[in-house]
Amino acid sequence: MASLLGETLFEISGQGPAPIKDYFHFAITKSQVIWSWWKISLRSDCRNTPPGQLTESHEDFLEDNRLQNQVGMVFGPHILQYSQNLCQGHYDYIVRLPNALLFNIMAHLDLEDISVVSRTCRRFKELCNSEEFWEQTVRKHCDTVTPTVEALAEEVGWRTVFFTNKLQLQMQISRRKQKENQPCEDKNEPSPSSVPLE
């Protein structure tokens, strides 16, 4: 499992809460915590202030209440708790798994569970909203996916195809076929064809 850990375990950047305008970057590597900041101010005496950086070991960070307070103030209590866990060696291996393996795991979940998983972290939100996941989901729930449906999915997205009811999908496919096969407007519209989705 240790091979899943990259050199950088976690990083986040952002502006401090109002009225602070300073910009901050927080990173945790396998051995260090790196806190960087850039002073942003219209005041002339602050314009030439150089960026700052503080580097500490995991152990020092866990004892540095001042830095922990800054992390909590800028990025919130959840990020502070998460960073403390990482520095104590409590790693979140599941989000570090390859996409193909995560998609395989997600294929066994109900849609209600996918909705919950998508709210756990940024990585799962991206995966749960990806075209690759929704293509996998459509193919899992449908016996046959025709080339016409595939072409429509490229146009409107696999998620849209999944949540569109059969009648609406047939109408969209008919319109698409009409555009492809009848360049002249005065030709008759073909009748909707059946779409073998289930």
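## The β1–β2 loop

Pro19 sits in the loop that links β1 to β2 (23-29). In this predicted model, the peptide bond from Ala18 to Pro19 is cis. Its omega is near 5 degrees. In general, most peptide bonds are trans.

## Overall build

The protein has four strands and ten helices. The order from the N terminus is β-β-β-β-α-α-α-α-α-α-α-α-α-α.

The protein has 198 residues, and 36% of them count as buried. Contacts were also sorted by separation along the chain. Among those with a separation of 6 or more, 44% join residues 24 or more positions apart.

## The largest pocket

The largest pocket has a volume of about 590 Å³. Its lining comprises 17 residues. Phe10, Tyr82, Cys121, Arg122 and Arg123 lie nearest the centre of the pocket.

Which elements each supply at least two residues of this lining? They are β1 (8-15), α3 (77-87) and α6 (122-128). β1 gives the most, with five residues.

Seven of its residues are nonpolar, seven are charged and three are polar. Domain 1 (2-42 + 50-94) and domain 2 (98-179) each provide at least three lining residues.

## Helix α8 and its surroundings

Helix α8 covers residues 147-156. Its buried residues are Val149, Leu152 and Ala153. Seen down the axis of α8, these buried residues fall within an arc of 105 degrees, so they line one face of the helix. An α-helix has 3.6 residues a turn, so residues three or four places apart point the same way.

What do the buried residues of α8 pack against? Their partners are three helices: α7 (131-141), α9 (158-163) and α10 (166-181). The other side of α8 holds exposed residues, namely Pro147, Glu154 and Glu155.

Most residues other than glycine have a negative phi.

Definitions and conventions: Residues are numbered from 1 along each chain as its sequence is written. This is a predicted model: local features need pLDDT of at least 70, side-chain atom pairs count only at pLDDT 80 or more; totals for chains, interfaces and linings use all residues. Side-chain values use heavy atoms; hydrogens and water are left out. On a 1 Å grid over the protein atoms alone, a cavity is a set of points where a 1.4 Å probe fits but cannot get out, and a pocket is an open set with protein on both sides within 12 Å along at least five of seven lines; lining residues have an atom within 4 Å of a point. Grid points are joined across faces, edges and corners, and a volume is the space filled by probe spheres set on the points. Ala, Val, Leu, Ile, Met, Phe, Trp, Tyr, Cys and Pro count as nonpolar, Asp, Glu, Lys and Arg as charged, and the others, Gly among them, as polar. Domain bounds come from an automatic or database domain assignment. Buried means under 20% relative accessible area, exposed over 50%, partly exposed in between (1.4 Å probe, protein chains only). The arc is that of the directions from the helix axis to the C-beta atoms. Contact means heavy atoms within 4.5 Å.
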